[in-house]
Amino acid sequence: MNKTHVNRPFRVLALDGGGMRGLYTATVLRALARLMDERFVKEEPDIGKGFDLICGTSTGSILACALAVGVPLHRVCDLYRKNGASIFPSPMPKSDSRLAMGLWILKHSLRPSASSSRLRACLAEVLGDQTIGEVYKSRGIALCIPTVDALNHQAWVFKTPHFPEKHRDNNYRLVDICMASSAAPIFFALSQQSNPDNVQDIHYFVDGGLWANNPVLVGLIEALTLVRREREIEVISVGTCDRPSGDPNAVQNPNWGLLRWKAGVNALDMSLSSQSFGDSFMAQFIAKTLSECGPRVSVVRFEEGHKSPQQYSAIGLDRADKVALDTLVSLAEKDAARVHSKTLSAESGSAAILTEIFHELPVLTTD
């Protein structure tokens, strides 16, 4: 565990899933660090070192592992911007055309729409060959990465050995762990993984967003298990550009069939969004109750500003065109500025927490 600041609150960073919308998360963190501290206008912040535990699901797992390793955030943004189109070569049609949607469903009825091999190659360039045990030993940052074991339909969380007696996942490579957490149904193939300690033990993993798209509760529970009872806990939760208020026209006809649900993609997207909202609410309720019984437990969810239905329709789990990428970056920069503005003007506990965390970040040093 990160022993540099044992007397300060135990800090957790929880990062949502959301496919290409992970570019938003990476950009908003980098932009907020730059706004909080002028050092980071020219230098890269080591955001990973600001936290004792980082939890990330699906696309959030990629960012979580990158922060734990100490990869510059601009490289993570480049992963999305430069490689998104090759990872998602056949995005779902934006239009409501039944013909376009029907053709897309037919095209991918027997195979996923995205390239797992391309994603793996991009992750290897960014994360290298490190295992989850090695990164914990070298950097002291704990990780929790949710996924699903497809063989038994049970939740699985890849963890660093921050509990000395728990070392099941030590020899799994970060690249493999990200592939397991990011294997979104319909978009990617199941992630086949051999147990590195017994290659005959084969697992098939599916996207962790099916049960923990917002891993804030995973992080909160892990923190409560890890820390002394008298130590405060602060959890920062960052989304991936949540959906705006619903479109009344979309539900005029409630008889949604396969095309209206877009072959299940709309159901998946609705599940991810509603899950993120519900888990965030529950975590904040639990934190308030725990604070009344003992040391302060805080959960801060990054506030996202208004976005029009047109802006949201331009982005998506698998959209990597220029309009989608520019929209994500623009929204992230505006939200970072909004959060920063509130830390300057507000005296709330959440503003003080964010100010303290981002002002204490060290400059990232790389070999």
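Some ground rules to begin with. Residues are numbered from 1 along each chain as its sequence is written, and side-chain values use heavy atoms, with hydrogens and water left out. Because the model is predicted, local features need pLDDT of at least 70 and side-chain atom pairs count only at pLDDT 80 or more, while totals for chains, interfaces and linings use all residues.

Let me start with strand β7, residues 233–238. Helices (H or I, at least four residues) and strands (E, at least two) are DSSP runs, numbered from the N terminus. Six of the six residues in β7 are buried. Buried means under 20% relative accessible area, exposed means over 50%, and partly exposed is in between, with a 1.4 Å probe and protein chains only. On one side of β7 we have I233, V235 and S237, on the other E234, I236 and V238, and both faces are covered.

What runs alongside β7? Strand β1, residues 10–15, is parallel to β7 and joined to it by six bridges. Two strands pair if DSSP finds at least two bridges between them. In this pairing, F10 stands opposite I233. Strand β8, residues 297–301, also runs parallel to β7, with five bridges. There, S237 has R301 as its bridge partner.

Next, helix α2, residues 59–69, where 11 of 11 residues are buried. Among them are T59, I62, C65 and V69. Just after α2 comes G70, with a positive phi of about 100°.

Now a loop. T131 lies between α5 (116–127) and α6 (132–139). Is T131 buried or exposed? T131 counts as buried because its relative accessible area is 11%. Apart from neighbours within four places in sequence, T131 is in contact (heavy atoms within 4.5 Å) with N170, N171, Y172, R173 and L174.

On to the surface. F281 sits in helix α10, residues 265–293. F281 is exposed, because its relative accessibility is 55%. Together with M282, F285 and I286, F281 makes a nonpolar surface patch of about 420 Å². Patches are made of residues with over 30% relative accessible area and no salt bridge, joining like charges within 9 Å and nonpolar side chains (Val, Leu, Ile, Met, Phe, Trp, Tyr) within 5 Å. A salt bridge is a side-chain nitrogen of Lys or Arg within 4 Å of a carboxyl oxygen of Asp or Glu. Accessible areas come from the Shrake-Rupley method with a 1.4 Å probe; for residues, only the protein chains shown count as cover.

Last, A352 in helix α13, residues 349–359. A352 is partly exposed, because its relative accessibility is 45%.
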